[in-house]
Amino acid sequence: MKKFIKLFWNTVRRPSVHISLGVLTLGGFVAGVIFWGGFNTALEVTNTEQFCISCHEMENNVYQELQETIHWSNRSGVRATCPDCHVPHNWTNKIARKMQASKEVWGKVFGTIDTREKFLDKRLELAQHEWARFAANGSLECRNCHDYNSMDWDRMSDKAKRFMKPAAERDQSCLDCHKGIAHHLPDTMVFKDPALDQLEQRASNLKVKEGEQYYAVKAVTLYLDEALTQEAGELEAAAPVELVKHKGDAVQLAIPSWRKTRGFGRVWYEDFGMNIPNMVLDKEVAQNEAHVTVTAPAKEDAMTGLPWEPVTISLWTQAGSLLPDADDLWGYARDTYRSGCSVCHSQPAEGHFDANTWPGMFAGMVGFTNMDADTQALVLKYLQKHSSDYATAH
């Protein structure tokens, strides 16, 4: 072998005396074409669904689950296959993903997940790897098919619009809210919220009184009119309101808040200098003086230098979403935070951060839970209202 290697090296390192440069160049070109063609052909073969499910770990687990979802069968006839979601479409990231997948081949060869039990034990870790990748690229694979700019908002339900529009404005990653949409979630992350259902049922059966203060159990759509036909914005979960009038299935609410005097003033906040949203108004409503009442002169927030002014507005919403005691909401949110956010590690104490720091900290954690959007909003509000800024009040 040593002699063969030495002979080969001596041959290739010396200029050829028998073959012309043109033949060598042509031979190198042909060899390059064959190599490149073979490489890309092999790459494409590994990018097929048949290749992905050729090992029983995939075929007997996640592939079976995919067939139960709308990504497998739907009225439009569009089907997502394994590589559509799990292999980046651009060449550089695709190669990087293939190199990363070599670890999965190692697991296959050595039987790391060769039984259903082993797969379930590793499911959370495998899922977190994919969620992290989607978080890093903004769910690019999802958005090859689902584009915010192509969505028909008029055909969406009110609830879908309530969550999708803010997500579109923030260019939010799809997996922030849609984990488990194509495969089952890890058992430890299957979040059931019967407690929130009970709160909503209590709210739907509550006899509200005019002049009393209430708190929204979840985000609700606000309207300018009693008939609930002219949308004005969205009231956030746990926002404090005063009931002005109750007529049939509609209630009129007074919503005192604070807003920054810069920009369109669409987002209204619960307290001066605190980024704790009470509601998000449509731009036309937020800028219409006929609807908005400024109750005192603006004052400057020393921390940011931004002027804030106290404002109020009266709007209508559907009855059945209000509770009189915020502690009921905080109890549910506290239990959810302490159970849902301790899956991966010990969660920070509520008073560890101030109200304006919590949104960023919570955004970094909530991606590893399966809280639905209503629950996320309520838990974040709980954390902000029990932050270091409010420590003495609780």
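Student: Where is the place of S139, in which loop?

Tutor: This is a predicted model, in which local features need pLDDT of at least 70 and side-chain atom pairs count only at pLDDT 80 or more, while totals for chains, interfaces and linings use all residues. Residues are numbered from 1 along each chain as its sequence is written, and side-chain values use heavy atoms, with hydrogens and water left out. Helices (H or I, at least four residues) and strands (E, at least two) are DSSP runs, numbered from the N terminus. On that numbering, S139 is placed in the loop between α7 and α8 (140-143).

Student: Is S139 buried or exposed?

Tutor: The terms rest on relative accessible area, where buried means under 20%, exposed means over 50% and partly exposed lies in between, with a 1.4 Å probe and protein chains only. The relative accessible area of S139 is 0%, and therefore S139 is buried.

Student: Leaving aside its neighbours within four places in sequence, which residues is S139 in contact with?

Tutor: Contact is taken as heavy atoms within 4.5 Å. With the neighbours within four places in sequence left aside, the contacts of S139 are F134, S173, C174 and L175.

Student: Which value is phi of S139 near?

Tutor: Most residues other than glycine have a negative phi. S139 is a residue other than glycine with a positive phi, and its value is near 55 degrees.

Student: What is phi of A238 near, and where is the place of A238?

Tutor: A238 also has a positive phi in a residue other than glycine, near 65 degrees. A238 counts as buried because its relative accessibility is 2%. Its place is in the loop between β3 (231-235) and β4 (240-247).

Student: How many disulfides does the structure hold?

Tutor: A disulfide is a pair of cysteine sulfur atoms within 2.5 Å. C142 is in no disulfide, since the nearest cysteine sulfur, that of C174, is 4.5 Å away. C174, which counts as buried at 15% relative accessibility, is likewise in no disulfide, with the sulfur of C142 as its nearest cysteine sulfur. The number of disulfides that the structure holds is zero.

Student: At roughly how many degrees do the axes of helix α13 and helix α14 cross?

Tutor: Two packed helices are described by the angle between their axes and the distance between the axes. The axes are lines fitted to C-alpha atoms, for helices over the stretch in contact, and angles run from 0 to 180 degrees between N-to-C directions. For α13 (residues 358-366) and α14 (residues 373-385), the axes come within 10 Å, and the crossing angle is roughly 140 degrees.

Student: Is α13 oblique to α14 or roughly parallel to α14?

Tutor: Angles under 35 degrees count as roughly parallel, over 145 as roughly antiparallel, 65 to 115 as roughly perpendicular and the rest as oblique. The axes cross at roughly 140 degrees, which means that α13 and α14 are oblique.

Student: Which residues in α14 do W358, P359, F362 and V366 in α13 meet?

Tutor: By class, the contact of α13 with α14 has seven nonpolar, two polar and no charged residues, where Ala, Val, Leu, Ile, Met, Phe, Trp, Tyr, Cys and Pro count as nonpolar, Asp, Glu, Lys and Arg as charged, and the others, Gly among them, as polar. On the α14 side, the residues that W358, P359, F362 and V366 of α13 meet are Q376, V379, L380, L383 and Q384.

Student: Is the crossing in which α2 passes α6 left-handed or right-handed?

Tutor: The axes of α2 (residues 21-45) and α6 (residues 91-109) come within 12 Å and cross at roughly 70 degrees, and the two helices are therefore roughly perpendicular to each other. A crossing is left-handed if the near helix is turned anticlockwise from the far one by less than a right angle, and right-handed if clockwise. The crossing in which α2 passes α6 is left-handed.

Student: Which residues of α4 and of α7 make the contact?

Tutor: The axes of α4 (residues 56-66) and α7 (residues 116-137) come within 10 Å and cross at roughly 65 degrees, which makes α4 roughly perpendicular to α7. The residues of this contact divide into two nonpolar, one polar and three charged. They are N61, V62 and E65 of α4, with R116, F119 and R123 of α7.
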